[in-house]
Amino acid sequence: MSRIGIRPVPVPQGVKVNVTPSSVTVEGPKGKLSQTYLPEVVIAVKDGAVVVTRKNDSKQAKAYHGLYRNLVNNMVVGVSAGFRKALLINGIGYRAEIQGKFLVMSLGYSTDFAVAIPEGLAVTTEANNQKVVISGHDRALVGKFASEVRGLRLPEPYKGKGIRYEDEKVRKKVGKTGVK
């Protein structure tokens, strides 16, 4: 039995869940999300919670059981509380600023990077333009955009310069020593 899939997803106050034979729609104070699902699982709303069950014990159905439970949970949490990722920018002259619908970043290259902020996300800068906070109701979109921004200048292991997640630890390497 799936340890994740058997847990019901509690639905908080103010969140509406609508289940059709092929999709789930969750609507709350932060927005509206929709997800299609395959017929190997059955999704139902019972006693103020969303319950995901599988039709048979095939390997594919077992995999989808936990997957769709987590996707529904992420949708419920997203429309009620939202998701947030913070990126730290480390390096001399490295900074980020918001210009309209673009995140403009100076990362030590000859030109600045201008990244379009996707619809449905809120991006702010903090700590003297050294911290970028990405927030939104869709967990996948928040994570994907944070990954794209981090990919512009990955943290390097010698000086630690670059863009890293707030909770990420960069292992520093020992540099070369001079020959005497």
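Mentor: A salt bridge is a side-chain nitrogen of Lys or Arg within 4 Å of a carboxyl oxygen of Asp or Glu. This is a predicted model, where local features need pLDDT of at least 70 and side-chain atom pairs count only at pLDDT 80 or more, while totals for chains, interfaces and linings use all residues. Residues are numbered from 1 along each chain as its sequence is written, and side-chain values use heavy atoms, without hydrogens and water.

Trainee: What makes Glu-126 and Lys-131 a salt bridge?

Mentor: Their closest N and O atoms are 3.9 Å apart, and the limit is within 4 Å, so the pair qualifies. Glu-166 and Lys-131 also form one, at 2.8 Å from N to O. Glu-166 lies in the segment after β13 and Lys-131 in strand β12, so this pair ties together parts 35 residues apart in sequence. Strands (E, at least two residues) and helices (H or I, at least four) are DSSP runs, numbered from the N terminus.

Trainee: Which residues are linked in a network of salt bridges?

Mentor: Arg-84, Glu-126, Lys-131 and Glu-166. The structure holds 7 salt bridges.

Trainee: Why does Lys-131 count as buried?

Mentor: Buried means under 20% relative accessible area, exposed over 50%, and partly exposed in between, with a 1.4 Å probe and protein chains only. Lys-131 has 14%, so Lys-131 is buried. Glu-126 has 34% and is therefore partly exposed; Glu-166, at 38%, is partly exposed too.

Trainee: How do Arg-54 and Asp-57 meet?

Mentor: Their side chains form a salt bridge of 3.1 Å, N to O. Arg-54 counts as buried because its relative accessibility is 16%, whereas Asp-57, with 56%, is exposed.

Trainee: How do you know which side of α2 is buried?

Mentor: Val-142, Phe-145, Ala-146 and Val-149 are the buried residues there. They cover an arc of only 100° around the axis, so they sit on the same side of α2; the arc is that of the directions from the helix axis to the C-beta atoms. The face turned away from the buried side carries exposed Ala-140 and Lys-144.

Trainee: Why are β2 and β4 said to stand at the edges?

Mentor: The open sheet of 3 strands has the order β2-β3-β4, with antiparallel pairing. β2 (16-19) and β4 (31-36) each have a single partner strand, so one side of each lacks a neighbour in the sheet.

Terms used: Pairing = 2+ DSSP bridges.
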